[in-house]
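Please keep the structure open while you read.

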Amino acid sequence: MFGSEARSRRNRIAQGLSGAALAAVLGFMPLGAQAQDVPRSETLVLDSTLERIATPENYNPFLPTTTLQGGLHQVAFESLFYLNLETGELQPWQAESYQFNDTFDEVTITLREGVKWSDGVAFTAEDVVFTLNMLKENSASMGNWGGNAKTWVKDVVAVDDRTVRISLNAANPSYVVNTFGARVYWTNQIVPKHIWEGKDPTTFTNYDPAQGWPVSTSPYQLVTANNQETVWDRRDGWWGAETGFAKLPAPKRVIFTSAGNEERRTAMLINNELDTAYAIGKSSFETVHARNPEVVTWFTEMPYAYTDAGPRIIGFNNAVAPFDNPLVRRAASHAVSRDAIVDIAWEGMSRPIQFPVPTLAAMTPFFEGAEDLFAQFPNTEFDSGATEALMTEAGYAKNADGFWADQAGTALVVDLVARQTEADSAKAAPVVAELLRRAGFDAQYRLTDSAGFADQVFQGKANIWLAQINGGVNNPYPTFDMFHSRHAAAIGASATGSYSRYANPEYDAIVEEMGKLATDDPKFKGLVRDALAIWLRDLPVAPTTDAALLASYNNTYWTNWPTSDNPYFQPCFWWASALVSIVAIEPAS
Amino acid sequence: MTWAYFLQRLALFFVVVLTAMTANFILAHAVPGDPIGAVISQMTTRGGAVENSAEIIASYRERFGLDEPIWVQYLVYVWNTLRFDLGTSIIYFPQSVTAAIVNALPWTIGLLLAATVIAFTLGSILGALLAWAATPRLARVLAPLLIVFSSIPYYLLALILLYVFAVWPNWFPLGGGMASGTTGDPMSIAKVLDIAYHGTLPGLSIVLAGLGFWALGMRGAMVNVLGEDYLTLAEAEGLSPRRIFFAYGMRNALLPQVTNLALSLGTIASGSVLVEVAFNYPGIGFLLYDALRASDYFMIQGVCFVLVLTVATAVLVLDLIYPLIDPRIARK
C-alpha cells in the first residue's frame, strides 16, 4: 500500500511544505534589500498624487492619456516660462523674453543662449517651430495642446536659432502665459526635432532609457520607471548650471512615487518616506505634524493650506429645464450654505467665493470696484427667503410633499452628480443635496467615477453637478471665456469650457473684446465689470468655495520649501512648474 | 484517465472560456460611462482647458472602433481575442493591453501562488489537527482564533495589517512591490528578498482570509476519514500515530480539499483585486480596478479574459490530474 510511489509523493509534499515555510520566513524578514545607489539624504521623494503611474513607459507629453504628474511635466521637460503665482511674474526659463506686436496677433520669443538637449544638441527655434506645427497637424490626437495650436497658431517661423515668430489667428495677449507659462498644470512643452522628426506623434512614446530617451533639456534624466514610481538622476552637465543661469539642483536623485491615498500618504510622511505630499485633510495633517514635527505646510496655523487654482462650483445644465431658467439657478444657489461646505468638505480650511476664480493676490485687483454688482446679485448668500421668492417668480409652487413643482404639478427632480475620486466633492455632495431638499428641491446625489461623470456632464445628461473651474489664475479672462457660447454643444454632443452650455451673444461679445486686450489695458477692467454684471445676473454656475491645497513638506532631508514665510513660488510639486522649486530646495544638513 | 474523460474536460474548458468572453464584453459595455470622456474628464480636473475635447473624443472613438455598431465591436473583439490580440488600452494608450498585463501578471501570480499554497497547506494541517484526538490543548485553543480571521473581508484585513505592521511599528512597507529607488538592475538575491518583503503583508492578508476556509473543510473531511475501518485496522496493526495521521488520515481527507482548491481559485483571484488596491500592489488586480473606474473596455475585457483563462486552465489541470490522485474518478 505504501510503496516507493507513496514515499515519493510524501517527499514532494514535504518539499512543498518546506518551500512554503521558507517563503514565509523570507517574507517576514524585514531585510528591506534597498537596491539604492544614491543615499536617502541626497534623494528627493515626491508624491505623484496618483495611486499608480498609469503610463510609466510613455513620455509623449501631448497624448491625452499620458500621466503627466509622475515626473513627466515636472522634470522630463522644461518650460519656456514659468508663471510665479506669488509674484505674478512670468519667469523666463528656456526662453529669455517675448514681445507682442501692437495688435497682439504676433509674438516674437527669444530663446536663452546655451540651452542644450540632454544628448548635447542645441535647443533652437527650429524645435519650437517643429513642435507647434506637429501639434497643429495632429490636433485631434494631441490633447489640449493640439487644440490650442490649431485654434491660435496661424504660422510659426524660426527667424534665427534663438528667435521664433508666431503669428496668431486672432489677437491674444494671453497666448504666451497660457501656452508656455506652466500656468498651473499644463504647459506646451517643446520637444527635440532631431528625435521626434519622422515619428508618428500620435503613438510615439518617447521612451527608451537605454538610449537616453526622453531627451530633454531638464537637469534630470530618467533612470527607471514602473507603475510604482519614476526615478530620475541629476545630469551634472545641465545647461542651466553650465551657463550660470541657475545652480545645479541639490537632489542627486528625484523619485516620483505613488502614495495612493490619504491614509498611506499620511503614514509615509510620518515615516519620512516622502519629502512632499499631495493635498491631505486638516485632521490628517495635524496627526502627521504631531508625530513628525518636521512636516510642515504653507501656513503654520489654520487655514494651513495654499489656495488651489481650481475653485469649486455647483454646475447647472443651462440648456435643459429647470436650470435653463436663471431664476431657478439663482434660487438653488441661495439654498446652499457655503459655510457648511467649508466646514464639512474643507474642514474649515477654505472660504466661500462669489465668482469662480481663486482668491490669489494677482486676481483680486480685477474685481475691485465691483462690490455693487455682488450686492445687487448676492447669489451665494444662504437665504431660504430668496429661494422662495425666486422660485415663485419663476412660476413654481410647492406640491403636497413640500417640493417645488411646475404649473403642471410635476415636481422638479434634482439629480446631483459628483466625482467620487475628488475627496471634497464626495464630502460636499450629501451636504448640497440635503440643503437643496430642505429648500424644497427633490434632490438626490450620485457619486460616479470619471467615466460616469464625463458621460453625464459632458454629454448634457446631468442637470446639476459638483465640479471645479480651472480658469484664470492671474487674470479672470480665461474664466469668463469658459462660459462663451462656443463651448455650448447641443445635448448629446460633448461640450467644453465650463460644460454649463450657457449661451448669451451679448456676453460673448464682451468676452471676445476682453480677449483682445492686455490685462493692463485701461479698458480691460471695464469689460470685466460688464461681463461680470451679466454673469451674476444669469449665474450659469453657482460658485461655492475656494479649494484648499494642504501640501506638506518634510524638513528632515530637505529645506527651503515654499511656505507663507518664504513665498518664493507656489508650493505644488505635482504642477508643471515644480522644477523651479526643485532647483531651489536645499539639503537639511 | 480515459480519452473520453480528457476530451469532455477539454470541451468544457472551451465552453467556459467562450461564455466568459461574451459575458466580459456585455458587462464591460453595460456599465454606464464614456471611456474617452473619462480621459478628458481627468484632464479637466487637473486644470486643462481642453478646447478641442469634442474633436479628441471623436478622433479616439474612431481609433478604438467605438463608433462602430455594437455587434461589429463584439465580432471584432471575439476574432481578436481568439488570436490573443487584446487590443490597445484606452487609459494607457498607446500601450497594448497585452503589454500591461504582461507587466502586471507576474506580480499577481507570484503573490497568489505563494499565498494560496501557504493558506492551503497551513489550513489543511490546522483542520486535520482540530479533528485529531491527540492534538495538544494549546493548538486546539489557538486554531479557532486563527479561523476567526476568515470572517473578515480581504480589504478590511489588509487595512488592519497595514496599521498593525506598517504604519505604527513601520516593520513592513506601506505598499508597492519593491523598495523605492530600485533601479532596473537584473534580478538578484537582494531584489528577490525585497520583493518577498513587500509581498508579505498582501500575502498574509490572503493567507489569513483563506486559512479558516481550508481548516474547516479539512476538519470535516478528517472527521469522516477517522471513522473509516482502515484507520481502525492501522491502529490495530500498531502503526505510529504520526504515520496514521499523515499517511492514512490527511492523505485521504485531502481529496475534497483539492476539489475545493480548484473551485476557489476564482474567488481567490477576485479577492486579490482588493488586496492589491489596499497595498498599492502592481498586479493585475490594480490594473482591473483602474480599468473599471475608467470604463476601459479593452483592458477590462483583456484582464478578465486572462483571469478566466488562468482559472479555467488551473481547473482543467486539476481535473486532469484528479484521476491520478483518486483513480475512481476516471473509472466513473
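In chain B, 75% of the contacts between residues at least 6 apart in sequence join residues at least 24 apart. Two residues are in contact if their C-beta atoms, placed from the backbone, lie within 7 Å. This is a predicted model: local features need pLDDT of at least 70, side-chain atom pairs count only at pLDDT 80 or more, and totals for chains, interfaces and linings use all residues. Residues are numbered from 1 along each chain as its sequence is written, while chains are lettered from A and ligands numbered from 1 in the order in which they are written.

**Chain B overall**
- Chain B has 13 helices and zero strands; helices (H or I, at least four residues) and strands (E, at least two) are DSSP runs, numbered from the N terminus.
- Its C-alpha atoms fill a box of roughly 85 × 55 × 40 Å along the principal axes.
- Of the 332 residues in chain B, 46% are buried (20 or more other C-beta atoms within 10 Å of the residue's own, C-beta atoms being placed from the backbone).

**Helices α7 and α8 of chain B**
- The axes of α7(B) (residues 154–167) and α8(B) (residues 189–226) come within 9 Å and cross at roughly 130 degrees; axes are lines fitted to C-alpha atoms, for helices over the stretch in contact, and angles run from 0 to 180 degrees between N-to-C directions.
- On α7(B), the contact residues include B:Y154, B:L157 and B:F165; on α8(B), they include B:L201, B:S205 and B:A209.
- The contact has 11 nonpolar residues, one polar and no charged (Ala, Val, Leu, Ile, Met, Phe, Trp, Tyr, Cys and Pro are nonpolar; Asp, Glu, Lys and Arg are charged; the others, Gly among them, are polar).

Note on methods
Buried ≥ 20, exposed ≤ 12 C-beta atoms within 10 Å, placed from the backbone.
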